[in-house]
Amino acid sequence: MTGTNPTPALYPVPDAFASKARVGSRAAYDQLVAAAEADYAGYWAQHARELLAWNKPFTKTLDESQAPFFKWFEDGELNASYNCLDRHVEAGLGDKVAIIFESDDGIVSKVTYKELLSRVSRLANVLKAQGVKKGDRVVLYLPMSVDGVVAMQACARIGATHSVVFGGFSAQSLRDRIEDAGAVLVITADEQKRGGKNLPLKAIVDEAISLGGCDSVKQMLVVRRTGGSVPMVAGRDAWLDELTASASDVCAPEWVSAEHPLFLLYTSGSTGKPKGVQHSTGGYLVHATLTTQWTFDLRPDDVFWCTADIGWVTGHTYVAYGPLSCGGTQVVFEGVPTYPDSARFWRMIQAHKVSIFYTAPTAIRALIKAAESNAEVHPKQFDLSSLRLLGTVGEPINPAAWEWYHREIGAGKCPIVDTFWQTETGGHMITPLPGAHALTPGSCTLPFPGIDAAVVDETGKEVPWGQGGVLVVRKPWPSMIRTIWGDPERFKKSYYPADFGGKYYLAGDGAIRDAETGYFTITGRIDDVLNVSGHRMGTMEIESALVSHPLVAEAAVVGRPDDLTGEAICAFVVLKRPRPTGDEAKKLAAELRNHVGHEIGPIAKPKDIRFGDNLPKTRSGKIMRRLLRVIAKGDAVTQDTSTLENPAILDQLAQSN
Ligand code: PRX
């Protein structure tokens, strides 16, 4: 470490890693950045040609004529499933293991590329036989499973656009997504197994459809997971295994334009209902493939494990597409890190000889806590020597957790890639390349080569290093969101607001660059979006769920820091009846929590519910969330409250915990 660098603990790149890495030095990284700057379109075109198999080559790389609706490689034709499966089988890798699957109850099965292609082709033929056509939307509500990956790939194979809904979302949330996407078919399972419990899936789809607005759905295919009994609707529902058994395992891929929508994935924004982020086929797959190669340095003999569920974008890019496009071997895990005990991850790394491990800071924090209180689940009980690279995603990682991960899991020798990106960005945006960047705990270091990220002020001007600002991306990139499904205006307003001249992609996060190294640290969302355990939640969504309860007159939701989950949801609630206290308050809080769980899903349940006679408001009636954040944190309000209509309410709310 240099004496002049004020940055605490800079971890140099281990020589052993750098000497073999795809991008093996800072100079190599700088050269890639310079190449992208010198000829931006040429840089991406070269990667697109080298990384993917195109049925028809593209002649034009980037079309900016309808900015911010950018198009990449548009006249090129390809198929994502062909790129993830057939081309590896054709190259002689058919017997290579694509997926090592471990179920919640510990049963392990392996699927080769040849077998995966056969399963995908069978399902693709079934979908076609059910009348699903290119461009149709198919909603997947499935457990973390090989079937989930197969379903995504099968949609891609026939040019259908999948929309995976995380299996923890409620019937109401599922209904909203089915309706918005106009899905023609839903693929689900009888039940899912998580943490030793059987949880319903098909029953929730049935409930979602019964809520109305899902007339577009003509068919439902049901994966047999637990064998639990579920009612089947004649003419609409069918067991997937019965149909695939008699289907052909050959299905020619449907060649689609690079701009053809590969998937929609719903995510929370600061206002209104979740938005359907639309991703392309070509540009998305280029970045998924390139980041898997450079950020994870994935090699043919690696065993890669990304613990994210396919219901989130991480499970799309770094489970269903990136590792398969690269012909890698990966672990897919059905369960949770704490079942049967909190050593599950470490035991699995040992058993499957995982070499690259990618997870969320929340999981690491929970496992640190468990290891500290129970030596039996401490990682030192396990042989983790197969690991060579670690990664994190989804939320800021606190330096203490980073150091533990580095020391206890990575034995001090594995670089950690702290990858910053979003549902909308399709793949990594700011991340270390492990052979090139020395690491600072808590920093995602520098932009991926070809990504023009910057920290700017409210006028769009870049701020000096060391000064905080707003994170933007100044140039379009191949895997970026194309639009919000059915709402192009909202896309423009959300991501290319007029404030920055409509020219920069606004990430919605604040950031600061280190004064010496220029390394980026993400300082958190600048809008009303919360990040709870790496899950993105809109405060407005939770407020709407709360006020839909018959007893609630008004609600305001804010985040507060939480040691385990990063942020915790704190709801301030005014009832239509006098403010409850004591046991009554506890009972009502539990009821409201369950109500939110029912409306959105358990991940949205507020941790704190505080009742007040009213909420702090300005004279014009605006709720002062800034002050609520202070109270939620347990701090004293020191701000000027003279503009408040009802300053006395602050004391009441502060004591309401
Ligand atoms: O606030 C940032 C945070 O997660 C948000 C994106 O959430 P989502 O679309 O659900 O995608 C999560 C997985 C890619 C971002 O706006 N975030 C994501 N990664 C990081 C992060 N915050 C800090 N550090 C990260 N590495």
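Colleague: How many residues lie between strand 9 and strand 10 in their hairpin?

Modeller: Bear in mind that this is a predicted model. Strand 9 (residues 191–194) and strand 10 (residues 197–200) run antiparallel and are joined by four bridges, with Lys193 standing opposite Asn198. In the turn, Gly195 has a positive phi of about 60°. The number of residues between the two strands is two.

Colleague: Which residue of strand 11 is the bridge partner of Thr188?

Modeller: Strand 8 has parallel pairings with strand 6 (residues 137–141), over four bridges, and with strand 11 (residues 219–223), over five bridges. In strand 11, the partner of Thr188 is Val222.

Colleague: Which residues come nearest to the ligand?

Modeller: The shell around the ligand divides into six nonpolar, six polar and five charged residues. Helix 11 (313–325), strand 20 (416–419) and strand 25 (520–525) each supply at least two residues of that shell. Of the 17 residues around the ligand, those that come nearest are Asp418, Thr419, Thr423, Asp509 and Arg536.

Colleague: How much of the ligand's area does the protein bury?

Modeller: A nitrogen atom of the ligand is 3.4 Å from a polar backbone atom of Glu395, and a backbone N or O atom of Thr419 lies 2.8 Å from a ligand nitrogen. An oxygen atom of the ligand is 2.4 Å from a side-chain N or O atom of Asp509. Taken alone, the ligand exposes 540 Å², and the part of that buried by the protein is 94%.

Colleague: Which residues of helix 16 are buried?

Modeller: The cover over the buried residues of helix 16 includes strand 26 (529–532), strand 27 (535–538), strand 28 (552–562) and strand 29 (566–575). Helix 17 (582–599) and helix 18 (625–633) are also among the elements that cover them. Within helix 16 (residues 539–547), the buried residues are Thr539, Glu541, Ile542, Glu543, Ala545 and Leu546.

Key. Residues numbered from 1 in each chain as written. Predicted model: local features only at pLDDT ≥ 70, side-chain atom pairs only at ≥ 80, totals over all residues. Heavy atoms only, no water. Near = heavy atom within 4 Å. Polar contact = N/O pair within 3.5 Å; in protein donor to acceptor, adjacent residues only side chain to side chain. Areas by Shrake-Rupley, 256 points an atom, 1.4 Å probe, with all protein chains shown as cover. Nonpolar A, V, L, I, M, F, W, Y, C, P; charged D, E, K, R; others polar. Pairing = 2+ DSSP bridges. Buried < 20%, exposed > 50% of the residue type's maximum accessible area, 1.4 Å probe, protein only. Contact = heavy atoms within 4.5 Å.
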